[in-house]
Protein chains: 2
Amino acid sequence: MAMMEVGAGTLAAVEFAKANGDRFVDELKALLRIPSVSTAPEHAEDVRRAAQFCADELKRIGLENIELIETATTERPGGHPLVYADFLHTTGKPTVLCYGHYDVQPAEPLDEWKSPPFEPTERHGNLYARGAVDDKGQMWMHVKAIESLMISCGGKLPVNLRVILEGEEEVGGEGIATFVREHGERLKADVALVSDTEMFAPETPTLCVGLRGMIYTEIEARGARTDLHSGMYGGTVPNPFVALAQVIAKLKDEDGKILIPGFYDKVQTPTDAELKAWKALPFDEEEYREHEVGSTELTGEPGYTTLERTWSRPTLDVHGMPGGFIGAGAKTVIPAKAVAKVSMRLVPDMTPAETFALYKEYVESICPKGIVLEVRLIHSGDPIVVSTDNAFVRAATEAMREVFGKDTVFVRGGGSIPIVGDFVRELKTPTVLMGFGLPDDNLHAPNEKFNLSNFHRGIESIIRFLAAVGA
Amino acid sequence: MAMMEVGAGTLAAVEFAKANGDRFVDELKALLRIPSVSTAPEHAEDVRRAAQFCADELKRIGLENIELIETATTERPGGHPLVYADFLHTTGKPTVLCYGHYDVQPAEPLDEWKSPPFEPTERHGNLYARGAVDDKGQMWMHVKAIESLMISCGGKLPVNLRVILEGEEEVGGEGIATFVREHGERLKADVALVSDTEMFAPETPTLCVGLRGMIYTEIEARGARTDLHSGMYGGTVPNPFVALAQVIAKLKDEDGKILIPGFYDKVQTPTDAELKAWKALPFDEEEYREHEVGSTELTGEPGYTTLERTWSRPTLDVHGMPGGFIGAGAKTVIPAKAVAKVSMRLVPDMTPAETFALYKEYVESICPKGIVLEVRLIHSGDPIVVSTDNAFVRAATEAMREVFGKDTVFVRGGGSIPIVGDFVRELKTPTVLMGFGLPDDNLHAPNEKFNLSNFHRGIESIIRFLAAVGA
């Protein structure tokens, strides 16, 4: 693999992509019209339609061994299919695994969309639709980069290629995780390319080199055997919500420091070089507070910047507290039980198992009087940091520099892409997280969009990356 | 009014009630089938149906001036009607005001009911249904006692009578409170009879001589402008649930002492005589913990007995915490807002207005960083202690002694019946709280029940009480 080497085929592919850009967008719109909401059983057939749409296109552009791999089992009847394709005829060249997901988040609340979520609409150079950027639009960049190379290289590719697309990324990715454990050899590659992250800022080519892991838990507090009336029993019966409040107040202090003994022991500080690079990023905290967050102030662990707090520090959040009375008005119940949904984001070298054990032991040790607590693990994912010291990352950096005319920045992401941990740990595959979303693209929210100029520049970056890997 | 005087009419009425007991239960079942949940806007028509059901029956048994008094106003469009009836032809005799309520608590959680909440079902001598004892069943005792006297006295009654039934007791009783303030003369009476309390223990005739008041509030915590993803934002964005937990943990310490400055300043200690009487009651704390409550231990303010904690000490409870994600599984949302439903029970001489002001000021003073709190009063009721030194209380005591063959005990109740405070304070009407529920009747909880033997003994006690008042 030689750097900077851009052959005639590559330039022809770039020209082809430019000439066919409008068609690529039209095809993407057709895919976006399929409401492939993976969490909604009533959309199961739509999810399958989207899978088939992708499989058909991978076949049309010349890939081989196209397969819809079923992940549904008796225990998991709602599993959605994987889409697999490959092209393994480029003797002596590396194999690239392209990953994307064709499922989307639910579109609710519908009344906050300016144009219907499943009727893709262009406004001001953006394409608005559920899944526009997460991840149908970014996945489509891979497909279209491959098509452009295939056409301009006369039915060949500069690299060997495997494509794996999943339909459960938005619901935890259990199907693909099982597939990787059981059939990892079918995804064997020298490098994985994932476009499901975002650029740090407009016009700023970005590689993501770390993702936080997580544990998602429930704490169930039980007091009385049945719901009781607070008039008759208030003052003598333990209240599960008050108990959970006491527990939560002891999990995290008012400055945002987590109080679980040993919680921070394994946390690795980013290198000085990484921290220095973050400080150089164009980040305006007040702008972020006002336009992205909208709270009166930002919070978090003292002594850390906002980027450190969201990228390299673990944290703890409460997502909901089911139980008791949540309707309008008043009901004076002391509920028999209440639950807190509590998750922690983990950073290297924390592990989900160890962190959950510390957490559980601590929560049980601060159990309020008269209350029985049960601490449950719902799901978890490892934190990862991907190595930047390899030719693949250098090729990606160079490809984007070429397209954007600016140096690529290295960032981390606060969230998880569960399968990336599996690529890194199970398959030992170096992974390049080359994303073209923007911070204001409204992922998981109404009015999701994808900047069309980034869609086209993404395709060109991927063409150049694949060409460089195969050079 | 002469004590012990039981005329032929009274005995005939008792016989009539016994002969018609099964019919009385059937009628009650018909009323219980109407889901008159006053807090639920979708049940507004059911609430009105229940009012009409009661009005029709009061007319059928011979009362006069039947009226559905509307309480809805432009400002309060959800107000439910009062039902009024009277019989004022018993010259020279006292006037009794019979009060009850035909609205019920919500039935949720539905899956914990052994038989459907609005399909009354008899098991082991109990009638199970939402509202069985609170208060449709106890209200029906009044109606059936009046019917029995009316029939056996040849269309006359031994007393003058007014009946007022409300449909908002479970949501604060604002409609009747306004009516009492504006048209108190229409409820003018020598004594009010309320059956919405319970017996201290099975086979123990009980008069309630004090009720706690309450304030029911909501604390709304707002952080970010919209829901955010905890992966991308966790660690820097204020979490409304964590904030509410911190606030709640500062409202009540781990021993159950309330930390609001000034909260206990107006609390009156019961008289030595009352405390001594309470100590003589047949109360087994371990039995109560195990069979009524079912928690691992009882909690509450140090230095007070369980009866003091629930009758003569104020307290604070959390009933539910709406917001965020409460479904099964995991959603990693940092919600923009969350709410805590918090109520306080008050004792003489605390007032709702003063207590709410202290609470609101304190909560605002401990508002966590980055959070905006709004503290709202949903409804309130004054605490009361009723006088026991009058002939009406003696008549009630004697009526129950006659029916149960045991001495009546005097207790307080931990809950509120908001209108009783208005009867006592606004109308200066001596009030008799003669209730026939049992401590394990599951008020406000799944599997609410009414012991049918107590229903029938309640009717007889009320017949004897009315006869004695009119003797």
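# A tour of two chains and their contact

Begin by showing chain A and chain B together: the area buried between them is about 6,800 Å², with carbon and sulfur atoms giving 53% of it. Buried area here is the accessible area (1.4 Å probe) that two parts lose on being put together, summed over both. This is a predicted model, in which local features need pLDDT of at least 70, side-chain atom pairs count only at pLDDT 80 or more, and totals for chains, interfaces and linings use all residues. Residues are numbered from 1 along each chain as its sequence is written, chains are lettered from A and ligands numbered from 1 in the order in which they are written, and side-chain values use heavy atoms, with hydrogens and water left out.

**Stop 1: where the chains meet**

Select the residues in contact (heavy atoms within 4.5 Å). You will pick up 90 residues from chain B and 80 residues from chain A.

Next, look for salt bridges (a side-chain nitrogen of Lys or Arg within 4 Å of a carboxyl oxygen of Asp or Glu). The rule finds 2 across this interface. One of them joins A:Lys250 to B:Glu254, where the closest N and O atoms are 2.7 Å apart.

Now colour the side of chain B that touches chain A by residue class: 35 residues are nonpolar, 35 polar and 20 charged. In this scheme Ala, Val, Leu, Ile, Met, Phe, Trp, Tyr, Cys and Pro count as nonpolar, Asp, Glu, Lys and Arg as charged, and the others, Gly among them, as polar.

**Stop 2: chain A by itself**

The mean for chain A is 94, and 99% of its residues reach 70 or more. Then select residues 1-5 of chain A, where pLDDT stays under 50. Where pLDDT is low, the predicted coordinates should not be read in detail.

**Stop 3: the domains of chain A**

Give each domain its own colour: domain 1 (8-203 + 383-469), domain 2 (213-267 + 314-381) and domain 3 (269-310). These bounds come from an automatic or database domain assignment.

How far apart are the centres of domain 1 and domain 3 of chain A? Taken over C-alpha atoms, 28 Å separate them. Where these two domains touch, 8 residues of domain 1 are in contact with 9 residues of domain 3. Together they bury about 620 Å², 66% of it on carbon and sulfur atoms.

To finish, zoom in on A:Arg412 and A:Glu274, which form a salt bridge with their closest N and O atoms 3.1 Å apart.

Technical notes:
pLDDT is the predictor's confidence in each residue, from 0 to 100.
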